[in-house]
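Visitor: I am new to this structure and would like to learn how to read it. Could you take me through it step by step?

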Amino acid sequence: MIENKKTKILIVEDEAVINKVYADDLRDNGFEVVTAQNGKDGLELALSEKPDLILLDILMPVMDGLTMMDKLRNASSYGKNVPIILLTNLSADEEETIQALTKNEPAYYLVKSDWDLRDVMEKIRERLNRK
Amino acid sequence: MSKRIIILKSKKRALNLKILAQRRERIRRRLEVTAKKLAAIAKEKEDVRRKLVITANHLAVTAKEKEIVRHKLVITAKHLAVAAKEKEDTRYKLVTTAKQLAATAKERESVRLRLVTTAKTLAVTAKEKEDVRRKLAMTAKNLSIKDKQLAATAKEKEIIRLRLVQTADDLERSSAKNEAMLGAIGDGLIAVDNDRKIMFLNKVAVDMIGWKTNNLIGKIITELPLQDEKGNFIPLNLRPTTLALKSDKRTEVTYFYVRPDKTRFPMSITVTPIKINNKTIGLIEVIRDITLEKEIDRAKSEFISLASHQLKTPPTAIKLLIERLLGGRMGDFTNEQREYLSDIRSSNQRMINIINALLDVSRIELGAFSIKRTEKDACALVLTILNESKLMIDEKQLKLKTIFPEKKVILLLDESIFRMIINNLILNAIHYTPRGGGIQVECKLSNKGETLGGKLLPDDYFVVAVADTGYGVPQKDQHKLFTKFFRADNAREKQPDGTGLGLYIVKSALDNSGGMIWLTSEENKGSIFYAAIPLTGMKAKIGVRGLT
């Protein structure tokens, strides 16, 4: 039955510790979690696993988050519609780009250093319910 | 015939007579009934007939009355028709009379005007004649004087001639000096008249603009294309020459100038009105290519950005790890262990706060931030910011009073910078006032020359005054209050968590945007902090990003 299928979340974040904490917390809250540590792996994982929501860091090696998001959105119908929440520390480049992005699509973002796990969970639930 | 038969016949006859009599009686009775009915019917008919007669009479009367009324109406209608016609005639006559009067009045007026004009012309002619006569008298007088003067020595003439030669020489040298100076200025210089026609440019300006000098002299300066960052052309009402003419003060702006080959570069433009005898006779515009400055700004900003990211990542990881531990899903802790973990969390949060504040300070010191202005309802914004702290105010049971001007104040503001300033002052008031105290936030317009909080205002400002009944600032510390990392002793004691950077950042933001900050305070009584923003709005500043 579809109801028994857990909601799957993909975390793309290069800081191992942060990645791990988010993943553990989400699993404890009943989500299925897959993770990647750079944009390239993240893109592959997104297209193969088709998660219900993606937590996406911006500053990452190999391929950054915004490039990955762009490629994902243009890759397939799934890629076009999957909800994405950007993770940021609000450095200069990030802020202006995010502001530009949030005009064209409801890209949510959260500030890692300011947000509790509780807030993150709430934001995720909010974004999933918007579908 | 037998007697019996006769008796029988008589009986039979008697019977027949009886029957007949009965029959006749019945018939008589029936006839009586019928007669009564007929009488009744006749009576009814008589009643009906009588009623019909009465009704006919009535109708006759009514018809007669109607005829009378109709007759009267016809007469009245005729009277009215006559009256209307009379009115129409009268009106027509009035209109005609009015037209005639108007024509007459008009004629009189043109005659009158002609007379006035003739009178003026005659007066002018008379005056001119008088002037000419006077001038002739004067000239005659002068000629006689001049005769005498000319008779004076040729020596004086010679002296004068020599002086003239000297002055011409000086002028030429000074002009050459000016040329040299103008040529040596690294910035471009453009002089325009009141119609904004270009009268003069120095070489640097010509090179920067990229047009031929001949094509520039006489051109209206607003023909030179300027754009904002996004590539929108600057409308006439926002051009620096327009702003300078409107405010009659020196105006500084930064825009992108578009060269003839369609490339563009960032340009700093300063326009100053030239005044002679308090009358503006033109404008001087100084222009400078700030591409290099912007690149340096960008490099500084990127450095801070990178440092920020690197600095914030470890404490963010710690924050999340502690949260997980304290969240209860990783096993139980003793009370003491929980307390320690909680202390680690607050220490870590302080570190994050300090890092954020230091990054702001770096941006301020390096000047690597921008001020972007949009029109905002200043008082409404202050109220919004105040409401965001309502929970804290209520929790500390502080009494809040607000005073706002009646009219809306629309100001050119960078919203995030304004928020930071007001938020900072409000939070300080809350943190440094004991439970049950009071806070007052007042917004007002203050004019040049007014004294507010002991300060004489050099211009017109929009002022936000945040007052509290808190610990106050000791006199000896007041002048250090806005310096980096400074915390007064009493503040340190009451609130160990402050960074000492808030007021420094607020002051820098205000200084950079053309505003001011000052305070009055008495220890243990309370303080009033005044943040003033020029009524002409925050000064714009181009930078790579905003301030937090």
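Guide: Let us start with one residue, A:Leu87, which sits in strand S4 (residues 84-88) of chain A. Helices (H or I, at least four residues) and strands (E, at least two) are DSSP runs, numbered from the N terminus. This is a predicted model, in which local features need pLDDT of at least 70, side-chain atom pairs count only at pLDDT 80 or more, and totals for chains, interfaces and linings use all residues. Residues are numbered from 1 along each chain as its sequence is written, while chains are lettered from A and ligands numbered from 1 in the order in which they are written.

Visitor: Is A:Leu87 buried or exposed?

Guide: A residue is buried if 20 or more other C-beta atoms, placed from the backbone, lie within 10 Å of its own, exposed if 12 or fewer, and partly exposed in between. A:Leu87 has 26 other C-beta atoms within 10 Å, so it is buried.

Visitor: Which residues does A:Leu87 touch, not counting residues up to four places away in sequence?

Guide: Two residues are in contact if their C-beta atoms, placed from the backbone, lie within 7 Å. Leaving out residues up to four places away in sequence, A:Leu87 touches A:Glu13, A:Leu55, A:Leu56, A:Asp57, A:Ile58, A:Leu110 and A:Lys112.

Visitor: How many helices and strands does chain A have?

Guide: Chain A has 6 helices and 5 strands, and from the N terminus on they run β-α-β-α-β-α-α-β-α-β-α. Of its 131 residues, 35% are buried.

Visitor: Where in chain A is confidence lowest, and where is it highest?

Guide: Confidence is given as pLDDT, the predictor's score for each residue, from 0 to 100. In chain A it is lowest in helix H5 (residues 92-104), at a mean of 58, and highest in strand S2 (residues 32-36), at 96. The mean pLDDT of chain A is 82, and 79% of its residues reach 70 or more.

Visitor: At what angle do helix H1 of chain A and helix H6 of chain B pack?

Guide: Axes are lines fitted to C-alpha atoms, for helices over the stretch in contact, and angles run from 0 to 180 degrees between N-to-C directions. Helix H1 (residues 16-28) of chain A and helix H6 (residues 291-326) of chain B pack at about 25°, with their axes 9 Å apart. Angles under 35 degrees count as roughly parallel, over 145 as roughly antiparallel, 65 to 115 as roughly perpendicular and the rest as oblique. H1(A) and H6(B) are therefore roughly parallel to each other. Among the residues making this contact are A:Val21 of H1(A) and B:Leu320 of H6(B).

Visitor: Which residues touch the most other members of the largest nonpolar core?

Guide: A nonpolar core is a set of buried Ala, Val, Leu, Ile, Met, Phe, Trp, Tyr and Cys residues joined through C-beta atoms within 7 Å. The largest one has 49 residues, and B:Val382, B:Ile421, B:Ile422, B:Leu425, B:Val466 and B:Ala531 touch the most other members. Helix H10 (residues 415-431) of chain B gives the largest share of this core, 9 residues. A second, separate core of 31 residues includes A:Ile11, A:Leu43, A:Ile54 and B:Leu320.

Visitor: And how many helices and strands does chain B have?

Guide: Chain B has 12 helices and 15 strands, and buried residues make up 20% of its 548 residues.
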